[in-house]
Amino acid sequence: MRPRLEARVGTSRTMVYATPVMAVILTMACGSVLFAALGHQPPAVLYAFFIQPLSSTYGLAELAVKATPLVLCAIGLSFGFRANVWNIGAEGQLTLGAIAGSGVALWAGGDAGPWVLPAMIFAGLLGGAAWAAIPAFFKTRFNANEILTSLMLTYVAILLLSYLVHGPWKDPDGYSFPQSRMFADSALLPLLTTGTRLHLGAPITLFLALAAWWMMARMFIGFQIKVVGLTTAAAGLAGFSVKRLIWITLLTGGGLSGLAGLFEVAGPIGQLQPTISPGYGFTAIIVAFLGRLHPMGILVAGLFIALSYLGGETVQIELGLPLAVSGVFQGMLLFFLLAADVLVRYRLRWSRAMTTQAAG
Amino acid sequence: MAEAAAPERLKLRGITKQFPGCLANDQVDLTLRPGEIHALLGENGAGKSTLVKIIYGVLRANSGEILWNGQAVTITSPSQARRLGIAMVFQHFSLFDSMTVAENVALGLDHGAGLSALTAQIGEVGRRYGLALAPEQVVHDLSVGERQRVEIVRCLMQKPRLLIMDEPTSVLTPGEAEALFSTLRQLANEGCAILYISHKLQEIRTLCDRATVMRAGRVVASCDPRQESAYDLARLMTGADFDQARKPPGRPRGKARLQVSGLSLAAAALLGTPITNINFVVATGEILGIAGVAGNGQNTLLAALSGEQPCPGAGNIRIEGQDAGNLGPRRRRRLGLAFVPEERLGHGAVPEMSLAANALLTGYDRQDLLSRGNIIFARTRDYTQRIVQSFQVVSGGIGSPANSLSGGNLQKFIIGRELLQEPKVLVVAHPTWGVDAGAAAAIHTALLDLASQGTAILVVSQDLDELLQISDRIAVLSRGQLSECMVTADADVARIGLLMGGQGDGHGTQTKGEQRAAQT
């Protein structure tokens, strides 16, 4: 007997939306087994992981702070994923956005005026888009695989950041720590509530998510992206240029990732450091798929994954569990989601090498 | 029905095959006698292919009984079917292009044989049945008709007692088809039973002794096709009455709307055929038919016309007198071009998307469905509704996905989508390919109506009967070259057949394979 996947006749629409929920439940169940094996009470760990971070205003604000870059990157990625453009390098585009925005902040120096922040936001968008333009060029010109080029450019971006904070942009008064000067107040995102780190980036992200929804659901460009992703031949018949859409999806995706990076340095961090993201750009891939590549779904998924970051920190502090629990949770979630997706579209059959007798 | 003296070669009783969500065969009975050519008739999706695959051991029936020469058998695999004496020629050939004829035949045989012995056998079988082939010829160099001969010879080497042919003439020129028929008649005379699957009614009436008609998985009729008119057979197939479209005679030719001059283009696809120096004009109110066997440059020509493949010169293609050779599909549509591609799902329509989205796909400009980058949904729905209503598209509503429609209904939808854009020039590829007779008649009527309103229509089709029926003038595309256009009413069908086989007026008379075969 060997297993075999057989396509189901029709895919149920409700199942498409039910699978993320199922994946979450399965992840929790498997997580419980894991915690039990580590000698902890699963209910206590799950409480510390999923409930405790949300029980204070500060916790809720942190949730939004963590969700902001995830949602921004994931929305940017979702445009490309819808069009079969597999940009894996959001982390690098995020880094370049942070570098470009920081460049403006450091160049402006002390208190330069209200124009600095908008200029930084613009530079962040541009930096991320420029970094994504490289895979776009190679893809449209030489048909180079964007998965490889965008991923490799991520490491280039991180090394570039490392060079800058160790070299030319190092704070001269920073006791040789590899980090830039702290940004001036005019170069920092305003906080929304005192006592938290919740910054202006969060409502901007919410607005952009709504705008992305409008674009994908109501605008012709969103329609073109969806058509190209489903069948390039039909897109060609309709006169939609595949190359143009590769450029558009990569540039907007890169721009939004760059904005996410800028929000990090101009928000919670306040300066350029060797590490500005705990892998938001990679985790955003999970967020994008968990949210079914739909801007509103991504919003929910971004909040959930942000909770997994917070929960990981809480269980580390409260119960002494390793921080890697967050990564394990995220990995399991993606695994269960993809597995559930396969089983929604296919059924598992055990084929046997035996003859079926035709009934007489 | 009177029982013949000879035992039945094959008898099926109550064959039922259930696929997930679809009952493909429902209590099918079928009897084949030695020496008869038996037609299996039915529309697409009637269950013919499923039934044949069950006989050939590719699929297993859920229930039912197979009797071979009076003995109950269970056919579990094609190799077992071949051991019993059942051979099959598939619609899509299974030949290795880079190998010779003899090697391909050797690969298809279950028992080993030396190549030299095989070469002699191929020659013998070829002479006996009039299937001229050069055994050392590489398949890549053969014409489609010759490739089919390789498949048939491969079957005949096993001395079959039942030969199944799946739509064999769909790729053949009229001349090649006639040669195939005499081979089949000779085989039948020697006692072989032949199961002949087709939806070409005319050839079934000339070739077959008996016909079994299937509809929606069931046998609905059994008759002698020679006693029935093509119209009656079609009615049995579809279960509905329909009128055949008729071309009103002698429309006057107006001004040129589509001009193609000196168009040469390399194929976009790896194994595509390039086209060389194509010239033609389609005038107001005229239907020009381009005949030809598939793979002779049709795809390249169509891509050049739709704008999916840019032309070398702007003046190669003129639409309404304007140079359009270097314009993309969108700008050509603005000039008045509408286009129906060969492949419905995946080219003409996005399978997973709704009918409304598929209406938007090509209608966005000419139907004014956009406003500053936003889709006007009310207008899109209204346009889709009009397509569905005017072309009687059977669907689960305009929100249902394109791949939920039957082939005929989707084709009506796509043609309706293009027609409602009131095109000045319409290019249609294989308008009724794989479409049932009722839908085909509706499509033909719609095309003739459109021409009478002044649209210039170019129809590229493999179906010569269709072109003779609806087009005013006809030309043949063969090996990337277009013959001169002939007025259909005066056209000599035999000559068109020769042109389709690449044997036009004096130049390039025989294919390489035929020359070599003639020498052996």
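Figure 1. Val228(A) sits in helix 8 (residues 220–230) of chain A; helices here are DSSP runs of H or I with at least four residues, strands are runs of E with at least two, and both are numbered from the N terminus. This is a predicted model, in which local features need pLDDT of at least 70 and side-chain atom pairs count only at pLDDT 80 or more, while totals for chains, interfaces and linings use all residues. Residues are numbered from 1 along each chain as its sequence is written, and chains are lettered from A and ligands numbered from 1 in the order in which they are written. Is Val228(A) buried or exposed? Val228(A) counts as buried because there are 25 C-beta neighbours inside 10 Å. The cut-offs: buried takes 20 or more other C-beta atoms within 10 Å of the residue's own, exposed takes 12 or fewer, and partly exposed is in between, with C-beta atoms placed from the backbone. Leaving out neighbours within four places in sequence, Val228(A) is in contact with Ala83(A), Asn84(A), Ala235(A), Phe240(A), Val242(A) and Leu245(A). Contact here asks for C-beta atoms, placed from the backbone, within 7 Å of each other. Leu5(A) lies 223 residues from Val228(A) along the chain, and their C-alpha atoms are 27 Å apart.

**Figure 2. Helix 7 against helix 12 in chain A.** The axes of helix 7 (residues 201–218) and helix 12 (residues 295–319) of chain A come within 8 Å and cross at roughly 150°. That crossing makes helix 7 of chain A roughly antiparallel to helix 12 of chain A. For angles, under 35 degrees counts as roughly parallel, over 145 as roughly antiparallel, 65 to 115 as roughly perpendicular and the rest as oblique. The axes are lines fitted to C-alpha atoms, for helices over the stretch in contact, and angles run from 0 to 180 degrees between N-to-C directions. Which residues make the contact? Helix 7 of chain A brings Ala209(A), Ala212(A), Trp213(A) and Met216(A), and helix 12 of chain A brings Pro295(A), Met296(A), Ile298(A) and Leu299(A). By class, that is 8 nonpolar residues, no polar and no charged ones. Nonpolar covers Ala, Val, Leu, Ile, Met, Phe, Trp, Tyr, Cys and Pro; charged covers Asp, Glu, Lys and Arg; the others, Gly among them, are polar.

**Figure 3. Two loop residues of chain A with positive phi.** Asn143(A) has phi near 55°, a positive value in a residue other than glycine. Asn143(A) belongs to the loop between helix 5 (116–142) and helix 6 (146–166) of chain A, and is exposed, with 8 other C-beta atoms within 10 Å. Leu293(A), also not a glycine, has a positive phi near 60°. Look for Leu293(A) in the loop between helix 11 (280–290) and helix 12 of chain A; Leu293(A) is buried, with 20 other C-beta atoms within 10 Å.

**Figure 4. The mixed sheet of chain B.** Here 6 strands of chain B make an open sheet in the order 6-7-8-3-9-10, with mixed pairing. Two strands pair if DSSP finds at least two bridges between them. Strand 6 (86–89) and strand 10 (218–223) of chain B are at the edges with a single partner strand each, so one side of each has no neighbour in the sheet. From one strand to the next, the twist averages 20°. Strand 7 (residues 162–166) and strand 8 (residues 193–198) of chain B pair in the parallel sense over 5 bridges. Asp166(B) has Ile197(B), in strand 8 of chain B, as its bridge partner. Helix 1 (residues 48–55) of chain B packs on this sheet, touching strand 3 (37–42), strand 6, strand 7, strand 8 and strand 9 (210–215) of chain B, and its direction makes about 150° with that of strand 7 of chain B.

**Figure 5. The antiparallel sheet of chain B.** Another view takes in 4 strands of chain B, which form an open sheet in the order 12-11-14-15 with antiparallel pairing. Strand 12 (275–283) and strand 15 (322–323) of chain B are the edge strands, each pairing on one side only. Strand 11 (residues 256–265) of chain B runs antiparallel to strand 12 of chain B, and 6 bridges join them. Ile275(B), in strand 12 of chain B, is the bridge partner of Leu265(B).

**Figure 6. Where chain B touches chain A.** The contact takes 33 residues from chain B and 21 residues from chain A. Strand 4 (63–68), helix 10 (329–335), helix 11 (355–363) and strand 18 (374–375) of chain B each supply at least two residues of the chain B side. Strand 4 of chain B gives the most to that side, with 4 residues. The residues on the chain B side divide into 14 nonpolar, 13 polar and 6 charged.

Technical notes. Two residues are in contact if their C-beta atoms, placed from the backbone, lie within 7 Å.
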